[in-house]
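Have a look at the fold, then read on.

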Amino acid sequence: MTAVPLWAWGVTLAVLAVLIVIDLVLTRGPESSLRAAAIESALWFGAALAFGAVLWLWRGPTTGSQYLAGYLLERALSVDNVFVFVLLFVSMRIPPELQKRILFLGVVGALVLRGVFIAAGGALIESVSWIFYVFGAMVLLAGARMFRAGEGGSGDNFAVRGLRRVLPVTEHYDGNRLLTRVSGRAMATPLLVALVAIAVTDVVFALDSIPAVFGVTRDLFVVFTSNAFAVLGLRALYFLLAGSADRFVYLKPGIALLLVFIGVKMLLYDVVHIPIWVSLVVIAVVAGGAIGASLWRDRRLRRLRGVPRPPAEPYPAAEPRQAAESRQAAESRQAAEPRGPVRT
């Protein structure tokens with residue numbers, strides 16, 4: 001693994017912290033519209049690509065390509081996280097105005113936990129060389145399981161049961177508080193349960209996704225930064241895709257295919273050398289193809305069922321001048337008519 005100077009780690013962590021603060025300030029409103037979520041997601045994607053460009057210029061095209069492949073892989077895998085979060089929030093009946101706070105805290109917590117996992121995984125690969133093939137087998141089995149499974153599982157039930165054994169949980173929310181007091185007794189709110197469920201769910205996914213990124217590169221700096229930018233864009237991606245989770249029917253098989261490809265690549269690491277550009281092309285084609293095929297299928301089904309397409313213009317067309325004048329005249333006559341006796 002290539003050593004990266006401490007100053008580079010410090011600058012990178014500072015940049016990530018600044019981006020988190022900016023994201024929090026720009027999205028501090030209680031609601032998140034589809035347009036705002038799309039802009040936020042695009043900004044995170046642009047920030048990830050800008051960091052990749054800096055990495056390309058600083059450490060060369062090989063490292064830059066590894067980062068891009070790792071980021072695209074994590075980005076594709078994170079879409080599956082989003083769909084599980086949708087099911088989790090629906091099952092736990094989290095109010096929409098509180099989902100943004102839970103996702104923010106969950107994303108920051110996931111970033112810290114993934115940093116720990118990445119450091120542990122890198123140390124294991126350095127000290128126990130054959131553990132790399134164990135990671136490859138884990139990724140391959142994860143892809144095979146995803147092919148067989150209908151819906152991705154989540155750790156929400158386990159998290160809820162575990163937290164209820166440790167802390168008493170109230171039945172009602174107390175604003176945006178995670179803990180509250182009832183009759184002088186400290187109790188967890190359902191919001192804390194949701195936060196723990198989000199963290200546990202991401203840990204479950206990280207057990208598959210982090211070994212998969214090690215299949216792209218063993219550079220800890222690249223593994224961490226590609227994970228960081230993918231995870232930090234997760235909240236915006238949630239609000240962008242939450243209402244259309246059922247449209248991406250081919251995404252799960254596509255992700256499963258990517259995991260199988262990475263797992264096989266890791267297991268054949270000493271036998272067949274697959275260039276990084278091949279991995280990059282496979283990730284882009286499979287993920288993009290799965291999303292494109294899902295959208296094409298959804299559009300075709302809507303056309304066959306006769307579902308009208310949404311209007312192309314976001315605003316209604318202007319009225320003809322004569323019709324507008326007639327409508328205004330009618331409104332003026334109606335306003336001038338007496339409205340009956342006034343009661344006091």
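A residue is called buried here when its relative accessible area is under 20%, and exposed when that figure is over 50%. Keep in mind that this is a predicted model.

With that cut-off in hand, take Asp 219. Its relative accessibility is 5%, so Asp 219 counts as buried. You'll find Asp 219 in the loop that links helix H7 (190–214) to helix H8 (220–232). What does the side chain of Asp 219 make a polar contact with? The partner is the side chain of Arg 59, at 2.6 Å.

Zooming out, the protein has twelve helices and two strands. Reading from the N terminus, the order is α-α-α-α-α-α-β-β-α-α-α-α-α-α. A few overall values for the protein:

| Property | Value |
|---|---|
| Buried share of the 344 residues | 42% |
| Share of contacts (separation of 6 or more) made by residues 24 or more positions apart | 80% |
| Share of the accessible surface belonging to carbon and sulfur atoms | 65% |

Now for the strands. E1 covers residues 179–182 and E2 covers residues 185–188, and the two pair in the antiparallel sense over four bridges. Val 182 sits opposite Arg 185 of E2. The hairpin of E1 and E2 has two residues between the strands, and in that hairpin Ser 183 takes a positive phi near 55 degrees.

Definitions and conventions: Residues numbered from 1 in each chain as written. Predicted model: local features only at pLDDT ≥ 70, side-chain atom pairs only at ≥ 80, totals over all residues. Heavy atoms only, no water. Buried < 20%, exposed > 50% of the residue type's maximum accessible area, 1.4 Å probe, protein only. Contact = heavy atoms within 4.5 Å. Areas by Shrake-Rupley, 256 points an atom, 1.4 Å probe, with all protein chains shown as cover. Pairing = 2+ DSSP bridges. Polar contact = N/O pair within 3.5 Å; in protein donor to acceptor, adjacent residues only side chain to side chain.
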